[in-house]
Amino acid sequence: NTINKTIKNDRKYQPYLGNKQKSINRKYVSLKKMKIRINRILEKTVCEGPGKRFCIWVQGCNLHCSGCANQELWESNAGREYETSEILERIKKRSHEIEGITFLGGEPFLQASAVAEIVGEVKKHGLSVLVFTGYHYETLSEGKDISVKKILNNTDVLIDGNFEQRELDLSRPWVGSGNQRFIFLSDRYQDFAEERNRLEIRIHRDGRIEMNGMADIDEIRTWF
């Protein structure tokens, strides 16, 4: 990580405390028609961050990490396009059941404007925000993109860094390699020392099997 600010990792949880945020009790507002391309939505899961969470896997990634478990999310024109207002309405219906929302990918910052609209609105209602990105926090925070800054200002925890197959490490929750960092951008969370990796398996009536969470992908392949 060759940037001015260095947040050491050494496979521990290094808190970066900034951008203290307060929840505001306001009604959801109608946003202008903005679209976001998404691969998958899971409205309630306990495997993608602290507590029960509404999770959004955005479509499109330009990093193409070797060994990526979600290569079907690389293509920017795949998935399905939604209006941000539709996503917010779905989050609203689940808001009494969840602790927060999680953005995964794909790469959320490739659709920064739409992601910023969503996180900015849900944060007003007391929900926490966790965002995964392959970019480094320093690169994002030192840029001038207004939408990127809005995302960071409304994020409680940013998990940054691309997946490095040579640094495979499943000892920490939700991440797959030792270089990835937990950056705490609010005081809502301080560490995740008590959290453990989990895997959810859903078997649908039509025979489809869907999984989410963190586990050894090679071991999972031996199950089928």
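What follows is a short chat about a few of those labels, and the model behind them is predicted.

Me: Why is strand 2 called largely enclosed?
Reply: Buried means under 20% relative accessible area. Six of the six residues of strand 2, residues 53-58, are buried, so the rest of the structure largely encloses this strand.

Me: How do you know that both faces of strand 2 are covered?
Reply: Take each side in turn: Arg53, Cys55 and Trp57 are buried on one, and Phe54, Ile56 and Val58 are buried on the other.

Me: What makes strand 1 and strand 2 a pair?
Reply: Pairing needs at least two bridges. Strand 1 (residues 35-45) and strand 2 have five bridges, in the antiparallel sense, so they count as paired. One of the links is Arg40 with Trp57 of strand 2.

Me: And what joins strand 2 to strand 4?
Reply: Five bridges again, though here the strands run parallel. Trp57 has Leu104 as its bridge partner in strand 4.

Me: How do you know that the span of helix 2 is close to the expected one?
Reply: At 1.5 Å a residue, 16 Å is expected for helix 2 (residues 112-123), and 16 Å is what its first and last C-alpha give.

Methods. Residues numbered from 1 in each chain as written. Predicted model: local features only at pLDDT ≥ 70, side-chain atom pairs only at ≥ 80, totals over all residues. Heavy atoms only, no water. Buried < 20%, exposed > 50% of the residue type's maximum accessible area, 1.4 Å probe, protein only. Helix = DSSP H or I, 4+ residues; strand = E, 2+ residues; numbered from the N terminus. Expected span 1.5 Å × (residues − 1).
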